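Let's take a walk through a protein fold together. Have the sequence and the 3D view ready, and follow along piece by piece.

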Amino acid sequence: MNKLEARNVSKHFKNRTIFENINLEFESGKIYGIVGPNGCGKSVLFKILSGLMQPNNGQILYNGKQLYKEIHILPSVGLVINDPQFYNYLSGYENLYILASIKNLVSEQDIIDILNKVGLQNDKSKVKTYSTGMKQRLALAQAIMENPDVLILDEITNGIDKTGLNMVYDLLKQEKENGKIIIITSHRIQDIKVLCDEVYEIDNYGVDQIEKDDLV
């Protein structure tokens, strides 16, 4: 059982407070939704949770070890934040191959299999020709490719069509059954209602747990 915690976490930039005193706990085998208006700090929180941005105050703990002190980044995380960035003049397969070569945890066949899972099988076109939805599929593929323990996914269904939505839902539910910690944001209320076990609303003053049925 893995556990990711935010304890009294605050973040501000110059004279602007993003949020104060965020307290959250995430455990294996659940999907968590983070909701709130644009600019409330969802993407900032995701960067802090993953080890990409330090908070001004508070602690991030992963299995009891403090991020930014005992460990510098989550040891096993798949991450999609903001617009996914790829090498535009390479194919989706070539992009994943380059990423996979960093840790050498997956084979060429694994890459092919994951592209099949997200509906990009046999696609040899350059990423510069991809639609927004295709880029999101590729982003999801790179996030889950190395079988991480934690998935942090920001607006992962952006640009995805109805058929693609069902694929994303099925895939994330499978990852949940495999014991992952999964944290998502989405402007689609449907995503949150279909996928999430717990939902938290964030604003400048902190975070509160809410019921899915209260989302409109």
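## Before we start

What you're looking at is a predicted model, where local features need pLDDT of at least 70, side-chain atom pairs count only at pLDDT 80 or more, and totals for chains, interfaces and linings use all residues. Residues are numbered from 1 along each chain as its sequence is written, and side-chain values use heavy atoms, with hydrogens and water left out.

Helices (H or I, at least four residues) and strands (E, at least two) are DSSP runs, numbered from the N terminus. Two strands pair if DSSP finds at least two bridges between them.

Let's begin with an open sheet: six strands, in the order 6-7-8-3-9-10, with mixed pairing. Strand 6 (77-80) and strand 10 (206-210) sit at the edges with a single partner strand each, so one side of each has no neighbour in the sheet. From one strand to the next, the twist averages 20°. (Axes are lines fitted to C-alpha atoms, for helices over the stretch in contact, and angles run from 0 to 180 degrees between N-to-C directions.)

Now zoom in on strand 9 (residues 198-203), which runs antiparallel to strand 10 and is joined to it by five bridges. Here, Y200 stands opposite Q209 of strand 10.

Helix 1 (residues 42-50) touches strand 3 (30-35), strand 6, strand 7 (150-154), strand 8 (181-185) and strand 9, and its direction makes about 160° with that of strand 7. Helix 4 (residues 132-144) touches strand 6 and strand 7, at about 160° to the direction of strand 6. Contact means heavy atoms within 4.5 Å.

## Helices side by side

How do helix 4 and helix 5 (residues 162-177) cross, and at what angle? Their axes come within 12 Å and cross at roughly 10°. That makes helix 4 roughly parallel to helix 5; angles under 35 degrees count as roughly parallel, over 145 as roughly antiparallel, 65 to 115 as roughly perpendicular and the rest as oblique. On the helix 4 side, R137, L140 and I144 make the contact, while helix 5 brings G164, M167, V168, L171, L172 and E175.

Helix 3 (residues 108-117) has I111, I114 and L115 buried (buried means under 20% relative accessible area, exposed over 50%, partly exposed in between, with a 1.4 Å probe and protein chains only). These residues cover an arc of only 100° around the axis, which puts them on the same side of helix 3; the arc is that of the directions from the helix axis to the C-beta atoms. Their cover includes helix 2 (92-103) and helix 4.

## A hairpin and its partner

Strand 1 (residues 3-13) pairs with strand 4 (residues 57-62) in the antiparallel sense, over five bridges. A6 faces I60 of strand 4 there. Strand 4 is also joined to strand 5 (residues 65-66) by two bridges, again antiparallel, and Y62 has K65 as its bridge partner. The hairpin of strand 4 and strand 5 has two residues between the strands, and N63 takes a positive phi near 50°.

Last stop: L24, in strand 2 (residues 16-27). Is L24 buried or exposed? L24 is buried, with a relative accessible area of 4%. Leaving out residues up to four places away in sequence, L24 touches L4, E5, A6, I34, L45, Y200 and V207. L24 and I60 are 36 residues apart in sequence, but 9.5 Å apart in space, C-alpha to C-alpha.
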